[in-house]
Amino acid sequence: MTDVEPLIRSQLGSLMPLPDGSRSDWADVLERSGHRQRHSRRRLLLALAVALGLLAVTGATIAAAVGAFSGGRMTIADVKECKASTTALTTASGARVLTGHTDAGVYCFTYEAANGGGGSTANTFPTPAGEVIPGKVLDTVSHTWVIVGVVPPGYDKLSIGSQQILIRNQVFVIDPKLAAKPGTLSGSAGTTTINLRDFATP
Amino acid sequence: MWINRYVEQNAQVADLEALYRARYRHFLRVATLITRDEGTAHDAVQEGFATTIRSLASYRGEGPLEAWVWRAVVNTAKKQQRHSPAVALEGHEPTSRQNGDETDARLVRTWVAALPERQRLIVYLRYYADLDYRQIATVLDIAVGTVSATLSAAHQTLRKTMEEVSQ
């Protein structure tokens, strides 16, 4: 009996080597999808209008109640201003998580794999996941997805089931497989539950 | 809420960009095997990613995002292949087993090309795209058990052909 799998594995690569990637063109993908025009212009304006409306309503309500307005919520302008520049954590594979935030308290982070690929996001606490700003990103070196989380100051440990994950400079990185269960943040700030199941690998 | 969704979708577009930059050549290779033309395949990859971006609003994390993209690219490539004039496959029918990697490679190519479409697609996704059974099931919208059974049938066909040739 012949085991064909090793032969297929060894031969298919030489049969059809990876083609030249010089034709790759992400800008063309965005243009075909209409993303730039639809999302970056119309939706940006719409999101800004909604944000301003929310701010006005919230501000007016609070001002009416206590006679003063303070604080505020994230705006797209905040997101743009938020430059992630502090290296909070470096993973075993050499990826870095850079964090930053605006004076208004909008946190942002960038996951940068060892070859420069990655992704970034921004938000304020809390999010639908709890006291964490989560993001899922593909590590372009290991070709595996990871979940990155930024937590408020005062938490140094994340517990998920029997797993204990250390939080460094408000940042943790976990395997999406762990995200199916709720986690508990703990530290000098106390304890709180977070839920990353929307980011879990099914 | 709107802003969260906006940021979330832009994060997903950033994820897609990372996936595109990391795996474009793998997508192009599989699309080329389906369409048999690299230009058409490139178009299928571009359109597949664009389709995924357009449908992000309805993506609720039902499966890995990468599998979603593969599904869009494979479906686009299959559609384009159906609209393209048939192109003769390279290779030839094996007449006798010879030594040498080059001969092995040619034989395997011929045998794989001769497999039924679903078996061939699963072989491509398994060995050229390095997808696991669950991801392949998502791409082709079939059960994981069907992937396993179909791949096993493909192996059996290839094994039988190889044994006949080696005799």
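**Strand pairing in chain A**

Strands E5, E6 and E9 of chain A form an open sheet of 3 strands in the order E5-E6-E9, with antiparallel pairing; strands here are DSSP runs of E with at least two residues, numbered from the N terminus, and two strands pair if DSSP finds at least two bridges between them. The edge strands, each pairing on one side only, are E5 (133-139) and E9 (171-174) of chain A. This is a predicted model, in which local features need pLDDT of at least 70, side-chain atom pairs count only at pLDDT 80 or more, and totals for chains, interfaces and linings use all residues. Residues are numbered from 1 along each chain as its sequence is written, while chains are lettered from A and ligands numbered from 1 in the order in which they are written.

**The E5-E6 pair**
- E5(A) pairs with strand E6 (residues 144-150) of chain A in the antiparallel sense over 7 bridges.
- Within this pairing, A:Asp139 stands opposite A:Thr144 in E6(A).

**The E3-E4 hairpin**
- Strand E3 (residues 107-112) of chain A pairs with E4(A) in the antiparallel sense over 6 bridges, and A:Cys108 has A:Ala122 in E4(A) as its bridge partner.
- The hairpin formed by E3(A) and E4(A) has 5 residues between the strands, and A:Gly116 in the turn has a positive phi of about 95 degrees.

**Burial of E4**
- Because 6 of the 6 residues of strand E4 (residues 118-123) of chain A are buried, this strand is largely enclosed by the rest of the structure; a residue is buried if 20 or more other C-beta atoms, placed from the backbone, lie within 10 Å of its own.
- Both faces of E4(A) are covered, with A:Gly118, A:Ser120 and A:Ala122 buried on one side and A:Gly119, A:Thr121 and A:Asn123 buried on the other.

Methods. Helix = DSSP H or I, 4+ residues; strand = E, 2+ residues; numbered from the N terminus. Buried ≥ 20, exposed ≤ 12 C-beta atoms within 10 Å, placed from the backbone.
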